[in-house]
Amino acid sequence: MRWFADRGHPVTGVDRSEDAAQTASRHGRVLQADIEDGPWPFDGQRFAAVVVTNYLWRPRLPDIVAAVAPGGLLLYETFAVGNETVGKPSRADFLLQPGELLAACAGLLVVAYEDGFLPSPERFVQRIAAVRPVAGLGGSPERHPLGGPAPGQ
């Protein structure tokens, strides 16, 4: 949250811990909610960007993907199978299976995807950058710049 807020973006976060929610509220709007045992607190809301790191609760994957607005971006990175050989988390409940994050993002345009090993600190991850297509562009393809700023910026 801090990284985006420091760059002028409005941010919204969620955490079940009262202390974590209170600390994060310095950077934007924070909801204290248990998204595993309670209702989805963002039902019907859409965001220009949804960022998830080091978190996996499979029943919420469809809600997370649905929260991406048309033209919006999903950035998601969490642990994958293989991580049990190098550390925590090691339970299968918390490790993505090969291609699982890709399958969860069906309906989004995948801009980047990785599934593999990172050496420092050692961990196995899947990560994805995907955008929700905008309907009604009249045959004109969406432009999702790759790399640095566009010419003239």
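This is a predicted model: local features need pLDDT of at least 70, side-chain atom pairs count only at pLDDT 80 or more; totals for chains, interfaces and linings use all residues.
Residues are numbered from 1 along each chain as its sequence is written, and side-chain values use heavy atoms, with hydrogens and water left out.

Back to the pocket. Its lining (residues with an atom within 4 Å of a point) is made of 30 residues, and Met1, Thr12, Gly13, Val14 and Val51 are the ones nearest the centre. Which elements supply at least two residues each? Those are S1, H2 and S3, and S3 gives the largest share, with 7 residues. By type, the lining splits into 22 nonpolar, 4 polar and 4 charged residues. In that sorting, Ala, Val, Leu, Ile, Met, Phe, Trp, Tyr, Cys and Pro are nonpolar, Asp, Glu, Lys and Arg are charged, and the others, Gly among them, are polar.

Those S and H labels belong to the overall layout. The protein has 4 helices and 6 strands, and from the N terminus on they run α-β-α-β-β-α-β-α-β-β. Both kinds of element are DSSP runs numbered from the N terminus: helices are H or I with at least four residues, strands are E with at least two.

In total the protein exposes about 9500 Å², and carbon and sulfur atoms supply 55% of that. The areas come from the Shrake-Rupley method with a 1.4 Å probe, and for residues only the protein chains shown count as cover. As for how the chain meets itself, 46% of the contacts with a separation of 6 or more are between residues 24 or more positions apart, a contact being heavy atoms within 4.5 Å.

Let's visit a few residues. Ala129 sits in strand S6, and at 16% relative accessibility it is buried. Setting aside neighbours within four places in sequence, Ala129 touches Leu73, Leu74, Leu75, Leu109, Val110, Val111 and Ala112. Ala129 and Tyr76 are 53 residues apart in sequence, yet their C-alpha atoms are 6.8 Å apart in space.

Is Ala106, at 61% relative accessibility, buried or exposed? Ala106 is exposed, and you'll find it in the loop between helix H4 (100-104) and S5. Its C-alpha atom is 9.7 Å from that of Ala130, which is 24 residues away along the chain.

Arg60 belongs to the loop between S3 and helix H3 (61-66), and with 13% relative accessibility Arg60 is buried. Beyond its neighbours within four places in sequence, Arg60 is in contact with Ile35, Gly38, Pro39 and Trp40.

Finally, the charged pairs. A salt bridge is a side-chain nitrogen of Lys or Arg within 4 Å of a carboxyl oxygen of Asp or Glu, and the count comes to 6. One of them joins Glu36 and Arg16, with the closest N and O atoms 3.8 Å apart. This pair links distant parts of the chain, 20 residues apart: Glu36 is in the loop between strand S2 (29-32) and strand S3 (47-53), and Arg16 is in the loop between strand S1 (12-15) and helix H2 (18-24). Glu36 is partly exposed at 25%, whereas Arg16 is exposed at 54%.

Another salt bridge pairs Arg127 with Glu114 at 2.5 Å, N to O. Here Arg127 is in strand S6 (residues 122-131) and Glu114 in strand S5 (residues 109-119), 13 residues apart. Salt bridges that share partners join Glu77, Glu114 and Arg127 into one network.

Conventions: Buried means under 20% relative accessible area, exposed over 50%, partly exposed in between (1.4 Å probe, protein chains only). On a 1 Å grid over the protein atoms alone, a cavity is a set of points where a 1.4 Å probe fits but cannot get out, and a pocket is an open set with protein on both sides within 12 Å along at least five of seven lines; lining residues have an atom within 4 Å of a point.
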